[in-house]
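Dear colleague,

I am handing over the structure below, and I would be grateful if you could look through it alongside the notes that follow.

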Amino acid sequence: MNESVLIARAEKFLDKIKRQRIQVEELKDFESFITVYHYLKENLDELYELRDTMEIKGYKAPYRSLIRSSRSSITELKAEEIHDVSRQTQYFRMKAAAKKNILDRVKSSIASHKIVIGHLEEFAIITCSVCKKKFKRHEIEFVESGKCSCGATDLKLERNDHGVYRLGTLKYLPLSGEYMVRMSDLSPIGREAFRSIVRVLKHEKRGIVKTVSLVVKVLEDGRWIRKRVNMDMDDEMNYEKEIRKKYGRNARIEFLQFHRKKPAIINDKQVQTALSIAYVKFAKEIADGILDNVLDKFLKNRNNVEIYDNALKTAADIASSITSDIEDEEDIKNEKLNEILKENNLIDNNIMNRALERDLQTRNNIKRKLYVEIPRILILWDILRYYLTTSYDRRNKYSGPFPNLRPNLDTNQLKAFVNFDKQVVAILKEYTDEKIEYMDNMKEVVAKKFEIENKIKGLHVKSNPPAVGAAILNITGKLSIEVASDIFSVDPGKVKTEKEKIETFGKPTSKRAQKFLEMIKK
């Protein structure tokens, strides 16, 4: 396919997605849900095809051939030809930029579609009225053409109370790949919140060895020969043993170099960007709704703050109407502001009323906490709940609401869960319907889940994932069983059952088992 045709096809398809925005708030029945779900899946298949075609055609590194050809030919040209070459190079550089930009948009659109599909799969349970079969999470994609596998068409949509989803974020995702436009819409404080989330999601695992390069001296036909060898590594691999197994006992390693990889919590740049944008804009919606009530609680004299705001606006309007010089405008604005504040007894001898000054500082601190901390806390809380309610295999095989999420984290990555702002969590609990609790050891809570998963690996232990998550919040997070049960919408009795399993796991539950363990130790 011609390059310009491929770019035009991709742009046309992305513009079509932009025009047909989905309204997830309207998904109240099976028909509307499955229509949107299949629409997203079809879009994703088309986007994958576009991405693969572009990568085959070199869109991933469009400048490489341009740089190579310019270096080789520029020295052979005459002085009068250099100008023409420069114009041609600029033309090809523009084409290369167009290739890179369209591939970035397609990748961003893919990431956003995967996120939406993951949230919808967590949100819905499809139940067949005839055979009573339930489809949830990745099983939903097997409901084809609105029919159950038994052939029945009477299907019902139910909300999954145990799922980890946040449908309010989905409308802010760059589904058509317009992530640059979405980022440019952010306010300065919004960009600060965006960067704080990206830093969390990019939190890297300590370097693990993925490959090793070696220079090996091998005896062949009575002569020593040096060979260069590249080997993939895993945790249990012994590279010395592998070399001697392949080249014989006399092989000698003269040089080796380890190549390390540092995977992030979410190991995809486009997913990081899309999630950060969505959570920042969603959190802004929450903060805008509760800001006035929060300020009423924390400000000593809200009326004086409003007088100051009106005075500042009036002074700015007067200054801008009098002069166009920036320095003069600032001086006039300050002078008019002081006059208005003096009239309202809020300034004396150019010293602002201390109570007003404290209120203004308090307001700035509150606004920063709400607009910067809420998005970071919400996404970390959702990731924590997702880890607690899913198995390692599920996180490893399916993307879920957080595509490319690491199935487990190391001690360095767990530090991302340390800095939860206690005051912001309290505000969310008081002014929103958010089921969230402050715990000063969230890092240990997630680590406990990984510890349990390692213990039961390969033992086929049957458990109730949401109840297990609630039990961990009770055991390690020190929350009461009632509070932990409410967070995951499970029965407290089931939580107690899973708690007993966790506490007795690995311990003998009978006298015969105790005796057997004692015999083994001998």
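The second largest pocket is lined by 26 residues, of which Arg159, Tyr165, Arg166, Arg385 and Glu434 lie nearest its centre; a pocket here is an open set of points on a 1 Å grid over the protein atoms alone, where a 1.4 Å probe fits, with protein on both sides within 12 Å along at least five of seven lines, and lining residues have an atom within 4 Å of a point. This is a predicted model, in which local features need pLDDT of at least 70 and side-chain atom pairs count only at pLDDT 80 or more, while totals for chains, interfaces and linings use all residues. Residues are numbered from 1 along each chain as its sequence is written, and side-chain values use heavy atoms, with hydrogens and water left out.

The volume of the second largest pocket is about 660 Å³, taken as the space filled by probe spheres set on the grid points, which are joined across faces, edges and corners. The largest share of its lining, three residues, comes from α11, and α8 (269-298) and α11 (354-389) each supply at least two residues; helices are DSSP runs of H or I with at least four residues, numbered from the N terminus.

Turning to α10 (residues 326-343), Ile332, Leu337 and Leu341 are buried, that is, under 20% relative accessible area with a 1.4 Å probe and protein chains only, whereas exposed means over 50%. These three cover an arc of only 165 degrees around the axis, which puts them on the same side of α10, the arc being that of the directions from the helix axis to the C-beta atoms. On the other side of α10, Glu327, Asp331, Lys342 and Glu343 are exposed.

With best wishes
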